[in-house]
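Here are my notes for a colleague who is starting to read this model. Please keep the structure open beside the points while you go through them.

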Amino acid sequence: MTIRHDGCSIRWLGYATARVDDGETAVYTDPGRYGVLTGNWEPPEGVDTRHPAGPAYDARDGDVVVVTHDHHYDPDGIRRVAAPDATLVVYEGVDAERAGRPPSPEALAEREGYDLIRIGERERVEAAGVPVRSLPAYNDPEGSHTRPDGSVVHPEGFGVGYEFELGGVPVFWPGDSDVLPHHSALDVSLLLANISGSVCMDRHEAASLAADLDPDLVCPIHYDTQAFLAADSKAFAADVASRGVPVVLDEGWT
């Protein structure tokens, strides 16, 4: 479904892919992977998802596409959402060969005619008129999302989150990250909360972040697409609402 917030529309398309549009400009976060845009996604066995498989998505209307890290880099997903003159904002650490999903952002942009901005870990750029700011996104090695050997899936420097502004509405997508100290300083109207847990903040941690940021609206994404991302979105929504923060679930395709 499409959510309305302060002149913007928001739609979660599965996994980490969200579309935010202010009526003039459309921004997509981390498009694709796991079949969520091809119509081939099926709910993982044992996951009680309320986000059913949708039809193939090939809108190609995105003015800006942001990519946070290797795990969310998908050239086919980008092609499906990006307009012919789109600007791609891709973290400088994204390596297509390491991710196993060529071509590189540079080759993709040259082939398709996109503009490409490689962004650092803490940088501000303007993409198609949209102010975009990158922020570190990682698992705290002393935190709760570590492997038995003490390593983490998302080490510092591996990825970023993004803050961008559409129609005067500040939007924050943390990426695959724990809740980190620099998050508390953000002025956020729309929080695209990552609630998946296991490899990043879980629903409890994301609810605490929402309470700290006190945005005008919280919309969770990046959960249930794979078994290891399973999360109780209704419990998250109830937790956030109990803290006095508006929250909405986008769990349908109509």
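1. Cysteine 219 is buried, because its relative accessible area is 1%, and buried here means under 20%. Please bear in mind, here and in every point below, that this is a predicted model. Cysteine 8 counts as buried as well, because its relative accessibility is 4%.

2. Which cysteine sulfur is closest to that of cysteine 219, and how far away is it? The closest one belongs to cysteine 8, and at 12 Å it is too far for a bond. A disulfide is a covalent bond between the sulfur atoms of two cysteines. The rule asks for a pair of cysteine sulfur atoms within 2.5 Å, and by this rule the count of disulfides comes to zero. Cysteine 8 is accordingly in no disulfide, with the sulfur of cysteine 219 as its nearest cysteine sulfur.

3. Turning to charged pairs, side chains of opposite charge can pair when their charged atoms come close. The count of salt bridges in this model is nine. One of them links arginine 19 to aspartate 21, where the closest N and O atoms are 3.2 Å apart. Arginine 19 counts as buried because its relative accessibility is 15%, and aspartate 21 counts as buried because it too is listed at 15%.

4. Another salt bridge is formed by aspartate 58 and arginine 60, with 2.9 Å between the closest N and O atoms. Aspartate 58 is partly exposed at 41% relative accessibility, and arginine 60 is also partly exposed, with a relative accessible area of 41%.

5. What do arginine 133 and glutamate 163 form where their side chains meet? They form a salt bridge, with an N to O distance of 3.2 Å. Arginine 133 lies in strand E9 (residues 130-137) and glutamate 163 in strand E10 (residues 159-166), so this pair ties together parts that are 30 residues apart in sequence. Arginine 133 counts as partly exposed at 25% relative accessibility, whereas glutamate 163 is buried, with a relative accessible area of 12%.

6. On the surface, Asp6, Asp187, Asp214 and Asp216 gather in a patch of negative charge. Aspartate 216, one of this group, sits in the loop between helix H4 (203-213) and strand E13 (217-221), and it counts as partly exposed because its relative accessibility is 47%.

7. Within helix H4 itself you will find leucine 209, which counts as buried because its relative accessibility is 3%.

8. Proline 102 and proline 103 are joined by a cis peptide bond, with omega at about 5 degrees, and proline 103 is placed in the loop between helix H2 (96-99) and helix H3 (105-112).

9. Where does arginine 33 lie? It is found in the loop between strand E4 (26-29) and strand E5 (62-67), and its phi is near 80 degrees, a positive value in a residue other than glycine. Histidine 222 likewise has a positive phi, near 60 degrees, and is found in the loop between E13 and helix H5 (233-242). Histidine 222 is buried, because its relative accessible area is 1%.

Key: Residues are numbered from 1 along each chain as its sequence is written. This is a predicted model: local features need pLDDT of at least 70, side-chain atom pairs count only at pLDDT 80 or more; totals for chains, interfaces and linings use all residues. Side-chain values use heavy atoms; hydrogens and water are left out. Patches are made of residues with over 30% relative accessible area and no salt bridge: like charges are joined within 9 Å, nonpolar side chains (Val, Leu, Ile, Met, Phe, Trp, Tyr) within 5 Å. Accessible areas come from the Shrake-Rupley method with a 1.4 Å probe; for residues, only the protein chains shown count as cover. A salt bridge is a side-chain nitrogen of Lys or Arg within 4 Å of a carboxyl oxygen of Asp or Glu. Lys and Arg count as positive and Asp and Glu as negative; His and the chain ends are not counted. The place of a charge is taken as NZ of Lys, CZ of Arg, CG of Asp or CD of Glu. Helices (H or I, at least four residues) and strands (E, at least two) are DSSP runs, numbered from the N terminus. Buried means under 20% relative accessible area, exposed over 50%, partly exposed in between (1.4 Å probe, protein chains only).
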